[in-house]
Amino acid sequence: MKSTELSSREKFAYGFGCFGQNMLYNLMANFLLFFYTDIYGILPSVAGLILLVARMWDAVNDPLMGMVADRTSSRRGKFRPYVLFTPILFVPFAVAAFSTPSFSVSGKIAWAAFTYISFGMIYTASDVPFWAMSSTISEDTNVRSSVVVYPRFMATVAVALATLATQPLILLFSVEGKPQRGYQFTSLTYALLTVLCFLIAFLFVRERVHTTNQERPRFKEIPRIFLSNKPLLLVILSGLFTGIGQAGKLSMLIYYAKYNLENELLYTLLAGANIPFILIGIATVPMLTRKMGKRNACILYYLIYALGSLGFFLSGWNNFTLLLLFNCISSLGMASPQVIQTAMIADTIEWGELSLGKRSEGTIFSSQTFLAKLEWCYIVAIIRLTI
């Protein structure tokens, strides 16, 4: 198979596609539940139910979007058109999700459900084609593995900036003691940045693997696509088990800071201290995967994350220094497996093609988007069991 090395400009452009999107996703993932319960006045159990309903719909919506992307054929490519057009919809729906119209209790619930589910659908419509595009950038698996490091690295940088900037921006944009205005303008800022970043990816990234004449699977074949692809199932399951722990820990940090440490702004310190160690972990991925292989490197990062998280749990909230230390250790293995998993998912496309005789880049990569959202079911379960 001929190697197709890509320019640094194209790799960075692909990485930038993840930048704005992850700042916006960080805002939604770590602040929306808090916004519902502490600002909009929705009961935690009801807010959790909204998230659960959204995840149930994602089980249909995500693979469906993957199949739509697989069937797309245009002069701009199969996946690139979605990278150009869908991010524009983030702007109105991100702002709407953090709006507080004066409705009745049932009206508030309906508004929150509509805006959040709509945002999730737009996220799917942009995210599934974006990641599926990594399988069409090159036929060389080593090139693909090197390429996906860039968006994962940029995603971590974006999360770092969002962690440090979100609360100051909310305070800056708040008017006359109305924090909802702060959330609205912060979400607008991140949404506009998302549009710009995806535009950069669209302009400078190219699709080189074309399979337009190949038969595509039908919707009823979706279960078979996943169940017959054992490597893909293993990647999904490993990502799910670690992802729910990460999502639960990160989403509860703001509550921990507010109610245990009695200072909401300490969330920035807690989350921000993770960032340098996450970046160090990601930077070691190419070296470790070359020496150990993708599977063994992934297992090593899982062990680091597990040991650090166990220490974090056993530290107790009264020993803040020790807790912070173990939190940083766990961060070394937090995001690194996701880089490897993305490269592994791209590799499983060829496995599925050999098994079924059909190539399904979008459908297979929809599992990654759904996996990220499914982790929130863990949060929902915790909320509904503890309220």
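Predicted model: local features only at pLDDT ≥ 70, side-chain atom pairs only at ≥ 80, totals over all residues.
**Notebook: helix packing and a few buried residues**

I started with helix 4: its buried residues pack against helix 1, helix 5 and helix 8 (179-204). Phe90, Val91, Ala94, Ala96 and Ala97 are the buried ones I noted in helix 4. Here buried means under 20% relative accessible area, with exposed over 50% and partly exposed in between (1.4 Å probe, protein chains only). I count a contact when heavy atoms lie within 4.5 Å. Helices (H or I, at least four residues) and strands (E, at least two) are DSSP runs, numbered from the N terminus.

Residues are numbered from 1 along each chain as its sequence is written, and side-chain values use heavy atoms, with hydrogens and water left out.

**Whole chain**

I looked up the totals next. The protein chain has 17 helices and zero strands. Of its 387 residues, 54% are buried. Taking contacts between residues at least 6 apart in sequence, I find that 83% join residues at least 24 apart.

**Helix 1 against helix 2**

I checked how helix 1 (residues 8-38) meets helix 2 (residues 44-70): their axes come within 9 Å and cross at roughly 140°. The axes are lines fitted to C-alpha atoms, for helices over the stretch in contact, and angles run from 0 to 180 degrees between N-to-C directions. Helix 1 and helix 2 are therefore oblique to each other. For the wording, angles under 35 degrees count as roughly parallel, over 145 as roughly antiparallel, 65 to 115 as roughly perpendicular and the rest as oblique.

Helix 1 passes helix 2 in a right-handed crossing. A crossing is right-handed if the near helix is turned clockwise from the far one by less than a right angle, and left-handed if anticlockwise. On the helix 1 side I see Leu33, Tyr36 and Thr37, which meet Pro44, Ala47 and Leu51 of helix 2. By class, this contact of helix 1 with helix 2 has five nonpolar, one polar and no charged residues. The classes: Ala, Val, Leu, Ile, Met, Phe, Trp, Tyr, Cys and Pro count as nonpolar, Asp, Glu, Lys and Arg as charged, and the others, Gly among them, as polar.

**Thr37**

I stayed on Thr37, in helix 1. Thr37 counts as buried, at 16% relative accessibility. A polar atom of the Thr37 side chain lies 3.3 Å from the backbone oxygen of Phe34. Leaving out residues up to four places away in sequence, Thr37 touches Ile42, Pro44, Ala47 and Tyr255.

**Helix 2 against helix 5**

Then I turned to helix 2 and helix 5, whose axes come within 9 Å and cross at roughly 30°. That makes helix 2 roughly parallel to helix 5. I logged this crossing as right-handed. Residues of helix 2 in the contact include Val46, Trp57, Met65 and Ala69, and those of helix 5 include Ile109, Tyr116, Met121 and Pro129. The contact of helix 2 with helix 5 has 17 nonpolar, four polar and two charged residues.

Ser126 is in helix 5. I read it as buried, with a relative accessible area of 0%. Not counting residues up to four places away in sequence, Ser126 touches Gln21, Thr86, Phe90 and Phe198. Ser126 and Met65 are 61 residues apart in sequence, yet 9.5 Å apart in space, C-alpha to C-alpha.

I found Ser99 in the loop between helix 4 (90-97) and helix 5 (105-132). Ser99 is buried, with a relative accessible area of 12%. A polar atom of its side chain lies 2.8 Å from the backbone oxygen of Val95. With residues up to four places away in sequence not counted, Ser99 touches Phe35, Tyr40, Trp111 and Gln184.

**Leu323**

Last, I looked up Leu323 in helix 15 (residues 320-332). Leu323 is buried, at a relative accessible area of 3%. Its contacts, not counting residues up to four places away in sequence, are with Tyr256, Leu270, Phe312, Ser315, Gly316 and Trp317.

Notes. Polar contact = N/O pair within 3.5 Å; in protein donor to acceptor, adjacent residues only side chain to side chain.
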